[in-house]
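Good morning, and thank you for coming. I ask you to look at the structure on the screen while I go through it part by part.

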Amino acid sequence: MKITRRELVAGIPALAAANGLGLSPVFAQEAADAYPSREVKFICAFPAGSGADVYVRYFAERMRPVMKRTIVVENRAGANGNIATTYTARAKPDGYTVYVHAPSALAANMHLFKNPPVDVVKELQVAATINRQPFMLTVHADSPVKTINELVEVLRKKGDKASYGTTAPTSKVAAAWFNKVFGIKPVEIAYKTAGDTMNDMKSGALDYCMHDPVHAVAQSNNGALRMLGVTTKGRMKALPNLPSLHEQGVTDLDVPGWWAAMVPKDTPKPIVDKLNKLWREVIDSEETRQFMAKFGADTWSASPEEAQAEFAKDVRAWGDYIKLANIEPQG
Amino acid sequence: MDFNVFSNLMTGFVAAGTFQNIGFAMLGCMVGTLIGVLPGIGPIPTLAMLLPITFGLDPLSSLIMMAGIYYGAQYGGSTTSILVNMPGESSSVVTCIDGHQMARRGRAGSALAIAALGSFFAGCVGTIFIAGFGPPLASFAQKFNSPDYFSLMVLGLVTAVILAQGSVLKAVTVIIIGLLFGLVGTDVNSGATRYTFGISSLWDGIDFLPMVIGMFGLVEIIRNLEQESIERNPISTKLRDLWPNRQELKEASPSVLRGTALGSLLGILPGGGAVLAAFAAYTVEKKVVRNPSFAFGKGAIQGVAGPEAANNAAAQTSFIPLLTLGLPSNPIMAIMMGAMMIQGIQPGSAVMTSNPDLFWGLVASMWIGNLMLVIINLPLIGMWVKLLQVPYRLLYPAIIMFCCIGVYSSNSEPSQLLIMVFFAAFGYILMRFGCEPAPMVLGFILGPLMEENLRRSMVLSRGDPMIFMQRPISATLLALTACVVLLIVLPSFRKTREVAFQE
C-alpha cells in the first residue's frame, strides 16, 4: 500500500486524538471487537532457548487457537530485561505487542538499577496474569536436615562457617529475610544458574539454597534435593504438602514471582479487557493448570486493575527488599 | 559395562527404528546441516523456534528430531569453518585453523570427508559411552566442585599458549585480551556492571556469535580482498580428488582416536565441554604428532581430524548430565530439557527406569543420526566444494549478508551488528600484528567461568587459597598445569617449538 503525504497529514489529527484523549468509546469498542485482526507479537526478555523462552513459546502456541492469529515470539534479551521492557513501553499501544514476562522481576529492576529506563507501572499495563510461583528453600537430599528448625539449629552451630547459595535477586531477598528472622549469619555464595549449585550442595559446601521452582521441583523429583518450604505466604495448590516458610516461623515472608501479559500503558481499555478475556481461556484451562503444576506454580487469573495494583505494590516492596538483601543499585 | 547394555540398546533400536522416528532423525539432520552451513544461524534459535512444533509429536520423535538438529549443526558448522573460515559455533573455531588452510591448498574435499568420517567414528564411540558408562561418568562429574573447575580452566588456558603459532609472548597477550573481553557485563557476585560504559546492550556481556563472525569470517574476507590477484587452486570436483588419499587417511586415523577419547571425557563436564574438548584435542595433536606432512597451521590434517572427532564425541556425551542428573550442560541441552518437561517427562535418573524406551531410543537414535549425517553429507561434499568456485564478488556479499542476518536474528538487536564490526576491525589489527585469534576466543569463553569459580572457591574457603591444593582433583590439575608451564619455559623445549614453526 502506498501512503501519500496528503493521507499522512490528514491522519495526524486522528492519531493525536487517539494518543492524547483516548479513542472515543464507540470507536475503541469496535476496534476491540475486531481485535486481533492481524499477527500478534509476544516479546520475550530472555534469549531463545532459555527456560523463560520455553514458557513464552508454550503460551504463544496455546494462545494461537484462541486469538485465531499467528503469534510471533520475538526475543529481545539483555540488560536484565530492560531492553525488552523499553521496547514494549515504546511500542504502538494497539494490543499487537504483548510482553510476556514477570512483573515481579520488573518491579525488582526498578530498584536494582540507579536509573531504570522505564517507570514500569506508569508505562506498562498488565492485561492478564498468568501464574504465581514461589522460590523454594532446599537442602541436599543426603542431608540429615528434615525441617526448618533442624536447619536453623545446624546454621546456628556452624555460625559464620555456614554457607548458602543464591541464584537471582528474588532468591537473595528470600534468603536474607530467612537469615534475619533467625538472627543467623551464614555466608552467601552467588551462582549464575541453579544447576551450578548442585555439586557444591552435594559436597556439603552449601548448607542450603534458595532455588527457583523449576529447578527445585525437578531435582526433588529426581531425588537430589529436599524442599523445606516455599517463599509465598500460603502454600501452593500445586504442592499442597509443602509448607510455607511463613508457617514455619519466617513470619510474613511473602516474595512470590508472578508472570503476566503486559501492553503499553496507552492501549485502549476495551482491547486490554479483550486480551484479559482471551488469556483467561488459556490460563483457566485444566491443561495449563497441569503444565504449571509441573513447574511448581499455580495458575492465577485476575482483572487488569487488580493485577496493576499488585504490580505497584511489588515495586514499593522491592525498595525495602534490596535494602534487606544489601544489594547495591547499579547504573 | 555389563551385558544388559546390549539388550537395552536393542530396546532402543526397536524404539528408534520405526519408520516415523527414522524420518524425524533424517529431517533433524537435514535441517541441522542446513543451519550449520549458513554462517551465523546457529542451532539454539532454530531449536527454540521449532520447539512448539514438537508439542504435538510423541516425546521420542520430538527428542530425536531435536538431537538430529544439534549434531547436524555441529557437522554443518565444520563445513563453513573449512570452506570459508567461518566457525558457526564455539566448538568449530579450531577447525578453521588447519581446515581452511587445507581448503586453500585445494584439499577442501578431503578435509570435509575426514571431518565427516572422524565425527561419525566419534559419534559411534560416544553412543556406546553413554550406553555403557553414563551413570558412573555422571557421578564422577558431580565430584567437580568450584576449585576443581577453576584448576581445569587454568590448565585449559595455559595449554592454549601451545595452540598459537609464533611467539609465546603474543599468545599470552591475546589470551589476556580474551579474558578481559570476557569480563564485560554484570558481575554475578556483586551485580556490578563492568566495562559497559553505560551501554545497556553490554550488560549481559559480549555475545559469542558477533565476536567470532567478526574475528574469523569478516577478517578472512578482508584479507582476501587485500591480495590483489588471488591465486586460486584449480578445484577439481572429481570424486577421486575429493576423497582423502591413503597418506591422509593414515595420518588422520590416530588423531581421530585421540580426539574421540578426549572428547568423550570432557563432554560430560558442564560448561564449555565441547569447546574445551576441541581446543584440547588440537593441543594434544600438536604435541604428539612428530612429522606431519604439513605443519600445524598450514593445513595439517591431524588438526582437523582430532578436534572434529573431539567435538562430536563431546556433543554426544554432553547428553549424559541431562539424561542421568537432569542438569543441562549447555543451552542446547537446556532446550532439550524444556522439551522433555513440556512432554511431561522429568529429566534425570528416573528417565532410565520410568521411560526406558525413551532413554534407550534416544541413545540409539544418536547412532542412527550420525550414520545419516555421513550418508547425507558425503555425496554433498562435491557440492560444497563447488561453492568455492563461485566468484568472490558474489560469494563474499552473500556471506556478509548471511552473517548479518544470523547475528541480528539472535536477539533482534542492531547493536550486535556494531559489535560484529568492532571485532572485525579488532581481528584485522591482530592479524596485522601476526597474532592468532583462536587463543583469544578460548580466553574469552573460559575467562568468565574461571573467574566465577575462583571467586566462589575463595568465598567458600573464606579466603584461604590452600583450597586449590587440598582437593585432589584440583591439585592434580594444577600439577599438570605446572608441567605445561615448565615445558613452555624450558629453553630446550622452546627451541624445538620454534624450529617446528619454521618449517
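Let us begin with helix 5 of chain A, residues 103-112, in this predicted model.

In chain A, 6 strands form an open sheet, and their order is 2-1-3-10-4-11. The pairing in this sheet is mixed. Which strands are the edge strands? They are strand 2, residues 71-75, and strand 11, residues 298-299, both of chain A. Each of these pairs on one side only.

Let us stay with strand 11 of chain A for a moment. Its pairing with strand 4 of chain A, which spans residues 124-133, is antiparallel and extends over 2 bridges. If you wish to find this place on the screen, look for A:Arg132, whose bridge partner in strand 11 is A:Asp298.

Two details of the backbone of chain A also deserve attention. A:Pro36 sits in the loop that joins helix 2, residues 25-34, to strand 1, residues 40-44, of chain A. The second detail is A:Lys68, which is not a glycine and yet has a positive phi of about 55°. Where is A:Lys68 found? The residue belongs to the loop between helix 3, residues 51-67, and strand 2 of chain A.

I now turn to the contact between the two chains. Chain B contributes 47 residues to the contact, and chain A contributes 48 residues. Together the chains bury an area of about 3,600 Å², and carbon and sulfur atoms give 55% of this.

How many salt bridges are counted between chain B and chain A? The count is 1. In a salt bridge, the side chain of A:Lys192 meets that of B:Glu452, at 3.3 Å from N to O. There are also 9 residue pairs in polar contact across the interface of chain B and chain A.

On the side of chain B that touches chain A, the elements giving two or more residues are helix 3 (43-54), helix 7 (146-163), helix 15 (331-342) and helix 20 (437-460) of chain B. Sorted by class, this side of chain B has 24 nonpolar, 18 polar and 5 charged residues.

Thank you for your attention.

Conventions
Residues numbered from 1 in each chain as written. Chains lettered and ligands numbered in written order. Predicted model: local features only at pLDDT ≥ 70, side-chain atom pairs only at ≥ 80, totals over all residues. Heavy atoms only, no water. Pairing = 2+ DSSP bridges. Helix = DSSP H or I, 4+ residues; strand = E, 2+ residues; numbered from the N terminus. Contact = heavy atoms within 4.5 Å. Axes fitted to C-alpha atoms, helices over the stretch in contact; angles between N-to-C directions. Buried area = accessible area lost by both parts, 1.4 Å probe. Salt bridge = Lys/Arg side-chain N within 4 Å of Asp/Glu carboxyl O. Polar contact = N/O pair within 3.5 Å; in protein donor to acceptor, adjacent residues only side chain to side chain. Nonpolar A, V, L, I, M, F, W, Y, C, P; charged D, E, K, R; others polar.
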